[in-house]
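Here are some friendly notes to read alongside the model. Please keep the viewer open as you go through the points.

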Amino acid sequence: MRRGTRTLYVYAPDDSTAPDDGELARGAEEMTVVTAHGVADALNRLATDTFDCVLSTYRLPNSDGVTLLSRIRESDADLPVILYTARGSERIASEAIAADVTDYIRGDTAATQTDLIIDRIQDVLDYRPTDTAARLNELTEATKPALWIVAADWTEMFSMAGAHTAVWG
């Protein structure tokens, strides 16, 4: 995990199955955990601050994590959002996937899930597109029909379209 990683953790304070925010912060010293207690609070924090990831429990005051996820996706399709639920179901997982969740964790209420959650946050953040991936995406957007030949290790690329020189130089 990168130093300075900021995670917005959204949960209901009265939910005894929610991971402890202090444990999350202590478990990954290079991660700052900022808390919010509900959809409105989370959306306000997202509007005024920058986060690398959102971790939300499913059960929230007057709402749920899938509703929060849908609201986040209305304004930010790329922000990683992880949904944690202690009592997950196929219905909840299906709703989360349909709303474009980045990761879904079904917890175990009998044991702490701190290490698992921190590992999943790290995995999500480590998967962010590399500069090469972003440039390939830009190239794809800039070209019409083209023939691409790419080495298996991505070190060499050949294209039969002129747009690649504008992107790659």
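1. A word on terms comes first: helices (H or I, at least four residues) and strands (E, at least two) are DSSP runs, numbered from the N terminus. With that convention, Asp 100 sits in the loop between α4 (90-98) and β7 (103-106). The chain as a whole comes to 7 helices and 9 strands.

2. Some ground rules for the values. This is a predicted model, in which local features need pLDDT of at least 70 and side-chain atom pairs count only at pLDDT 80 or more, while totals for chains, interfaces and linings use all residues. Residues are numbered from 1 along each chain as its sequence is written, and side-chain values use heavy atoms, with hydrogens and water left out.

3. Asp 100 has a positive phi of about 75° although it is not a glycine. Its relative accessibility is 42%, so Asp 100 counts as partly exposed (buried means under 20% relative accessible area, exposed over 50%, partly exposed in between, with a 1.4 Å probe and protein chains only). Of the 169 residues of the chain, 41% count as buried.

4. Asn 62 is also worth a look: this residue is not a glycine, yet has a positive phi of about 60°. Asn 62 lies in the loop between β4 (59-60) and β5 (63-64), and counts as exposed because its relative accessibility is 85%.

5. Ser 63 is partly exposed, at 25% relative accessible area. Leaving aside neighbours within four places in sequence, Ser 63 is in contact with Val 39 and Tyr 58 (contact means heavy atoms within 4.5 Å). Ser 63 and Val 39 are 24 residues apart in sequence, and their C-alpha atoms are 7.1 Å apart in space. For the chain, among contacts between residues at least 6 apart in sequence, 63% join residues at least 24 apart.

6. Which residues have the most contacts inside the largest nonpolar core? They are Leu 8, Val 10, Val 54, Leu 68 and Leu 83, in a core of 23 residues. A nonpolar core here is a set of buried Ala, Val, Leu, Ile, Met, Phe, Trp, Tyr and Cys residues joined through side-chain atoms within 4.5 Å. The elements giving two or more residues to this core are β1 (5-10), β2 (31-36), α2, α3, β6 (81-85) and α4; α3 gives the most, with 4 residues. A second, separate core of 18 residues includes Tyr 84, Ile 105, Ile 121 and Leu 125.

7. Beyond its neighbours within four places in sequence, the contacts of Leu 83 include Tyr 58, Val 66, Ile 92, Ala 96 and Ile 105.

8. The structure holds 1 aromatic pair. The ring centres of Tyr 9 and Tyr 11 are 4.5 Å apart and the planes are at 20°, so the pair is stacked (rings of Phe, Tyr and Trp, its six-membered ring, pair if their centres lie within 6.5 Å; planes under 30 degrees apart count as stacked, over 60 as edge-to-face and the rest as tilted). Tyr 9 counts as buried at 1% relative accessibility, and Tyr 11 counts as buried at 11%.
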